[in-house]
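Here is a friendly briefing to read beside the model. Please have the sequence and the 3D view open as you go.

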Amino acid sequence: IHANFSNNQFTCVRFKRHNPAYETLRVLDLSHNLIDQNASEFFPNIPFNVEELFLSDNGIRGALPDPFPMLEHIRRFTIANNNINGPLPEFSRATTRMRELDLSSQRQTESGGLTGTISPYFSRLDDLLVLNLAFNNLTSLPSDLGSLQKLKIL
């Protein structure tokens, strides 16, 4: 199932695990809404089979859960232009199939954005093509990011 709910007025999202669509949802686009929800409330119930998750341009706030939820099939995750803050979680424990990860533009609000260092474990995301962490407050890049042979955009 591909569900596109972008460009609406949604203010929060709740997933019901016993709904048949929960297990068949592959693409979920909730970008450009008014979601004003704490990340710790939002992420624990994301359907585990989702492959593409688009959450950009909302008001999702707080720290991303660490460890990040097990989303073994996720390939694209975009949450740019929100109010995420705190350290960057370890994504390689949740998935190794990630191809595109966009966490950019979190510091444009009072949240301060993502902080700290980028974990060397990012080098375990062998299929990563795009990593966008622009406009945050991160302080260092691990030297082994160069080992990501498929990475095209950093």
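Is Phe 77 buried or exposed? At 0% relative accessibility, Phe 77 counts as buried, where buried means under 20% relative accessible area, exposed means over 50% and partly exposed lies in between (1.4 Å probe, protein chains only). This is a predicted model, in which local features need pLDDT of at least 70 and side-chain atom pairs count only at pLDDT 80 or more, while totals for chains, interfaces and linings use all residues. Residues are numbered from 1 along each chain as its sequence is written, and side-chain values use heavy atoms, with hydrogens and water left out.

**Aromatic rings**

- A search of the whole structure finds eight aromatic pairs; rings of Phe, Tyr and Trp (its six-membered ring) pair if their centres lie within 6.5 Å, with planes under 30 degrees apart counted as stacked, over 60 as edge-to-face and the rest as tilted.
- Phe 42 and Phe 43 make an edge-to-face pair, because their ring centres are 5.2 Å apart and their planes stand at 75 degrees.
- Phe 42 is buried with a relative accessible area of 1%, and Phe 43 is buried at 0%.
- Phe 77 and Phe 91 form a tilted pair, with 6.2 Å from centre to centre and 50 degrees between the planes.
- Phe 77 lies in strand β5 (residues 76-78) and Phe 91 in the loop between β7 (86-87) and β8 (100-102), so this pair ties together parts that are 14 residues apart in sequence. Helices (H or I, at least four residues) and strands (E, at least two) are DSSP runs, numbered from the N terminus.
- Phe 91 is buried, at a relative accessible area of 1%.
- One aromatic cluster is formed by Phe 42, Phe 43, Phe 68, Phe 77, Phe 91 and Phe 122.

**A parallel sheet**

- Three strands form an open sheet in the order β7-β9-β11, with parallel pairing; two strands pair if DSSP finds at least two bridges between them.
- At the edges are β7 and β11 (137-140), each of which pairs on one side only.
- Two bridges join β7 to β9, and Pro 87 stands opposite Thr 115 in β9.
- Three bridges link strand β9 (residues 114-117) to β11 in the parallel sense, and the bridge partner of Thr 117 in β11 is Ser 140.

**The largest pocket**

- The largest pocket has a volume of about 190 Å³. On a 1 Å grid over the protein atoms alone, a pocket is an open set of points where a 1.4 Å probe fits, with protein on both sides within 12 Å along at least five of seven lines, and lining residues have an atom within 4 Å of a point. Grid points are joined across faces, edges and corners, and a volume is the space filled by probe spheres set on the points.
- Its lining residues include Ile 1, Phe 5, Arg 14, Lys 16, Asn 19, Tyr 22 and Pro 47.
- The lining divides into nine nonpolar, one polar and two charged residues (Ala, Val, Leu, Ile, Met, Phe, Trp, Tyr, Cys and Pro count as nonpolar, Asp, Glu, Lys and Arg as charged, and the others, Gly among them, as polar).
- Asn 19 sits in the loop between β1 (2-4) and α1 (20-24) and is partly exposed at 38% relative accessibility.
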